Amino acid sequence: HQATRRGEHGKMSEKKVEEPKNTQDLTVFVQNLLQQMQGRFQTMSDAIIERIDEMGNRIDDLEKSIADLMTQAGFDENEAKKEAEAAQKAAERKAEITGEPAVQE
């Protein structure tokens, strides 16, 4: 008996598949099928994990590059926070003096 089954990359292919003739053959057939499926699943899992690791490394590299560019541009995150806090305090003081609501710039 000839059966059509999906080959590599999901393409249909004609291959002879031995039909089980008794319970023992069926058991062996199912075990082989499960082993093949487990092997394919493991291969796909390994490939996915490898890609995730690669993406993580690329993100780390990108973050480092951004930090280097910010340093080269003279941008200091702590300094920027201090400036924002000072501006907020100044706006609050101005609001106290003028009686207008504080507007953060």
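E50 has its place in helix α1 (helices are DSSP runs of H or I with at least four residues, strands are runs of E with at least two, and both are numbered from the N terminus). This is a predicted model, in which local features need pLDDT of at least 70 and side-chain atom pairs count only at pLDDT 80 or more, while totals for chains, interfaces and linings use all residues. Residues are numbered from 1 along each chain as its sequence is written, and side-chain values use heavy atoms, with hydrogens and water left out.

On the surface, E50 gathers with D46, D53 and E54 in a patch of negative charge. Patch residues have over 30% relative accessible area and no salt bridge; like charges are joined within 9 Å, and nonpolar side chains (Val, Leu, Ile, Met, Phe, Trp, Tyr) within 5 Å. Asp and Glu count as negative, Lys and Arg as positive, and His and the chain ends are not counted; a charge is placed at CG of Asp, CD of Glu, NZ of Lys or CZ of Arg.

## The chain as a whole

The chain has 2 helices and 2 strands, which follow one another in the pattern β-β-α-α along the sequence. Of the 105 residues in the chain, 3% are buried (under 20% relative accessible area; exposed means over 50%, partly exposed in between, with a 1.4 Å probe and protein chains only).

The accessible surface of the chain is about 9900 Å², and 54% of this surface belongs to carbon and sulfur atoms (Shrake-Rupley method, 1.4 Å probe; for residues, only the protein chains shown count as cover). Among contacts in the chain with a separation of 6 or more, 7% join residues 24 or more positions apart (contact means heavy atoms within 4.5 Å).

## A nonpolar patch

L26, F29, V30, L33, L34 and M37 make a nonpolar surface patch of about 520 Å². M37 is found in helix α1, which covers residues 23-72, and is partly exposed at a relative accessible area of 49%.

F29 also lies in helix α1 and is partly exposed, at 34% relative accessibility. The C-alpha atom of F29 is 8.5 Å from that of E19, a residue 10 positions away along the chain.

## The salt bridge

Side chains of opposite charge can pair when their charged atoms come close. The count here is 1 salt bridge (a side-chain nitrogen of Lys or Arg within 4 Å of a carboxyl oxygen of Asp or Glu). The side chains of K64 and D68 meet in a salt bridge, at 3.2 Å from N to O.

K64 and D68 are separated by about one helical turn, because they are 4 residues apart in helix α1. K64 is exposed at 53% relative accessibility, whereas D68 is partly exposed at 35%.
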